[in-house]
Each structure stands twice: as structure tokens, then as C-alpha cells.
Amino acid sequence: MIIATWNVNSIRSRMEHLLEWLQNFGPDVVLLQELKCQNEQFPAEPIEDLGYNIAVHGQKSYNGVAILSKTPIEDVVRELPGEGDDGSARYIEAVTNNVRVASVYCPNGQDIGTEKFAYKMNFFDRLKIHMESLLTYEEKVVIAGDYNIAPTDDDVYDKVKFRNRLLTSPEERGKYKALINMGYIDIVRAMNPADKVDNTSLFSWWDYRQGSWDQNKGLRIDHLLLSPQAADVADKCGVDRDLRGKQRPSDHTPVWCQI
DNA sequence: ATGGTAGGGATCCTA
């Protein structure tokens, strides 16, 4: 089965691209972020017509995450347990086809040192606690989404420019590394060692501004983190750059793996 | 240091 993650930057603005991609690529599970709509505004019908079940955690204007799956979606969880709901729809988890999957939209953080940056750090602490608990079940788990962190200098187009900036600071990278050190596998990087691939081919996000896409000035900030049990049976992965080159694209492109 | 582009939805906020 193929599990893909994609930050669509507004589901309603991206329907044409999404439907075309579902039809042509046909991933079994799709983890979406930045829906920017409420549950009742989610355009479910055309997606269901392509054979997908849907679980949505929407929010007006901001955030919003969803799970699409060709197999039934069970045991849906719509927030990170423990801390209570702060109103941000950034997490949805469920079991489908014997795999526990989650779509996560980690906070951007605005600027280092701001209140929003502190919120981002706290979100990662909460995420870590939850992901740690999931490991104890020894299941196939795939937690994927927009982590808003470029894990290393290999994941940015200019490591000098991005020294200690938002998305690349040591504090942010430490939070990401903590997830990896617990035992989760960044499957795209694991299958594409930095010294053996063209790292720019793994970028998942390009700023809308200053012609970033045309100059391939991108970052790798969308990740699929797999439990050992999932990574053991993973055999393929990829980045669908094509969608970033379309008319009126999302600023992110889909990333996927096959298990 | 600033501002550049996009989306939502309200005349600004978030990214």
C-alpha cells in the first residue's frame, strides 16, 4: 500500500490538482494538511466518488487535517491526547488496513523567540509523548505531515543562508531528532542517504515568493516517520514534484512511501 | 532589515 502526505494549502483551492492526482497516482492512504476549511465545508463527494473513505478534522481559515483511505478508517483520534484541545486542528490519527496512520500539521513558529515559536516547541513535546506511547504497541505506524522543520543542512538549498533560522534552528532540529532517536524512521532520508543522492530532489516545499520554485530554492520539511515495524516492510518512497509546477499550486508537494 | 506571494475572509492574519 502507498501512503502519501500532502500539505494542500486550502483543500477547496486544490481540488482540481487533488482529484487528478488521486485518479492518476491512486495512493491507498492520503494524509492531508492545511485544509483551511470547517468539517461541513470539506468537499467530500468527489473524493468519495474515487473510492476513498474520509476522516476530517477541520477548522475555519487555518490548519485542518484529514485522512483519505481506500480501506475503512477506524478508531479516529482528532487531537494529541493529554494537553486538551487548544482549538488548532493539527492532528488526526486512525487505523486503516492494519496500519496506524496520522496526519500532522506542526506549527510554523513564525520567528525564533516569539510566542508562536514557544508554542511550536511545546507542540513537539506533546507530539513526542504521544508518538512514544504508540511505539509500545509495536504496530505498523506512519506519522506523516508538514513538520515545519528541515532536519539537517542537507535538507535546505543554502545551508549558510539557513543557519539558525526558522525551520532550521538547533532547537527545532533537536525536537525533530528526538522523534528519530526514540526509534522512528524518516523513511525518505533512510532510503536516500545524503551522500548518495541529489538532495535537492527531495525538497517538499518552495516559498511562493521570489521565484523559489523556478530556481529550485526549496526545503525538505514534509516527512513520513515510520515505526520500526512499518519501516521493516517499507520498500519504496518518492516525492511528487510535478504538482508544484502546476498552475496555482500548493507551495508543498506530496511525499509518499510504499509498505 | 525588509519584503516578496498565496489563501481565507475580512479590510488583516498566518504561513
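Which residue forms a salt bridge with E20? I looked this up in the predicted model and found K246, with the closest N and O atoms 3.5 Å apart. I noted that E20 sits in helix 1 (residues 15–24) and K246 in the loop between strand 13 (236–239) and strand 14 (255–258), 226 residues apart. I also checked accessibility: E20 is partly exposed at 38%, and K246 is partly exposed at 30%.

Next entry: helices 3 and 4. I saw that the axes of helix 3 (residues 115–135) and helix 4 (residues 170–182) come within 10 Å and cross at roughly 0°. The two helices are therefore roughly parallel to each other. Among the residues making this contact I listed F117, F124 and L127 of helix 3, and A178, L179 and M182 of helix 4. Sorted by class, the contact has nine nonpolar, no polar and seven charged residues.

I then turned to the charged pairs here. K120 and E172 meet in a salt bridge, 2.6 Å from N to O. K120 lies in helix 3 and E172 in helix 4, so this pair ties together parts 52 residues apart in sequence. Buried or exposed, how does K120 count? I got buried, at 0% relative accessibility, and E172 is buried at 0% as well.

D125 forms a salt bridge with K175, the closest N and O atoms being 2.8 Å apart. This pair links helix 3 to helix 4 across 50 residues. I found D125 partly exposed at 32% and K175 partly exposed at 22%.

Last entry: I counted eleven salt bridges, and I noted that D155, D186, R189 and R220 are linked in a network of them.

Definitions and conventions. Residues are numbered from 1 along each chain as its sequence is written. Chains are lettered from A and ligands numbered from 1 in the order in which they are written. This is a predicted model: local features need pLDDT of at least 70, side-chain atom pairs count only at pLDDT 80 or more; totals for chains, interfaces and linings use all residues. Side-chain values use heavy atoms; hydrogens and water are left out. Axes are lines fitted to C-alpha atoms, for helices over the stretch in contact, and angles run from 0 to 180 degrees between N-to-C directions. Helices (H or I, at least four residues) and strands (E, at least two) are DSSP runs, numbered from the N terminus. Angles under 35 degrees count as roughly parallel, over 145 as roughly antiparallel, 65 to 115 as roughly perpendicular and the rest as oblique. Contact means heavy atoms within 4.5 Å. Ala, Val, Leu, Ile, Met, Phe, Trp, Tyr, Cys and Pro count as nonpolar, Asp, Glu, Lys and Arg as charged, and the others, Gly among them, as polar. A salt bridge is a side-chain nitrogen of Lys or Arg within 4 Å of a carboxyl oxygen of Asp or Glu. Buried means under 20% relative accessible area, exposed over 50%, partly exposed in between (1.4 Å probe, protein chains only).
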